[in-house]
Amino acid sequence: MISFRLLGFCLLGFAMMLATGCAGKTGTVQSQGLSDAKPVAKQIPAPVPPSPPETPSDEPIDPFARADEGAGEEYDPWEPMNANIFEFNLKLDRFVLKPVAKGYDFVLPDLVQVGVSNIFSNLRFAPRFLNNVFQGKVKGAGIEVGRFLINSTAGLAGFFDLARKVDLVTPEEDFGQTLGFYGVKPGPYLVLPFLPPFTVRDFVGFVGDVFLNPINWLVAPIIEVNNVPSVIARHNRLTSSLIQTGSRVGEVINERSRNLEKFQGVEEATLDLYTAVRNAYLQKRAQAIRE
């Protein structure tokens, strides 16, 4: 869950990036050799007419034009910009998020951290359920309903993942995977401040999942829907913004605390962290689409 204003800034910045990109094509000409050379006579190949000069394209980068799923190609035309933002996020993690997560980990036992993670996962039931429906995965949608009912009741609002104990487990589905299911290409790799890595398709899916979660317009509304009541009055936007921002920050700190040793090991063992994170993300998303 994110602030709607922050989402707007991200979309505006992304639109400016697309407007400045240009794509071009290059061609190759194969040389023709002499064949059947004999001492009596030589055949001279007909002259090849010169190729017409190629004109540069003024078209902006098509965000969904390349990077076939699982093709083993990392489509990263914005790498200089992405690398700079990645470095900013890395420093933010090193000097702010990681120290806070260490203090959080010192105060809260692992059982509580797992329970908090389960609650946040339970609150994202609606987008997962709807994306299963959109992809025609009836079994997955049924499992999501069963998980939500069990964990929300016997699991104390999702604190305990009791559904997993009875093997009610299904791969998580999001709107980015739904777009991929219908043939939308991933497009360029994209790194934004304060957010996890994306492809262009996954960023669109990320925004779509915000709209698919009814909490964002029925409980703590950051999306205006006329004539639809909400738990927090729509005119009280400050309260909704504080709840949304606080819950998002809390979720990030909780997840960072649970992965302190894992992230530390990756940072120490990896020379080119940007490339490693990018490739791991693209491979993970390609596998999720195939599933």
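Predicted model: local features only at pLDDT ≥ 70, side-chain atom pairs only at ≥ 80, totals over all residues.

Modeller: Leaving aside neighbours within four places in sequence, Gln-135 is in contact with Glu-173, Asp-174, Gln-177, Thr-178, Phe-181 and Tyr-182. Gln-135 itself is placed in the loop that runs between helix 4 (125-134) and helix 5 (138-153). Because its relative accessibility is 8%, and buried means under 20%, Gln-135 counts as buried.

The loop between helix 5 and helix 6 (162-165) holds Ala-157. The relative accessibility of Ala-157 is 47%, so this residue counts as partly exposed, a class that lies between the 20% and 50% limits. The backbone of Ala-157 also deserves attention: its phi is near 65°, a positive value in a residue other than glycine. Most residues other than glycine have a negative phi.

A further loop, between helix 9 (215-219) and helix 10 (237-258), contains Asn-227. Here too phi is near 65°, and this positive value again belongs to a residue other than glycine. Asn-227 has a relative accessible area of 80% and is therefore exposed, since exposed means over 50%.

To review the setting of each residue: Gln-135 is buried, Ala-157 is partly exposed, and Asn-227 is exposed.

Conventions. Residues numbered from 1 in each chain as written. Heavy atoms only, no water. Helix = DSSP H or I, 4+ residues; strand = E, 2+ residues; numbered from the N terminus. Buried < 20%, exposed > 50% of the residue type's maximum accessible area, 1.4 Å probe, protein only. Contact = heavy atoms within 4.5 Å.
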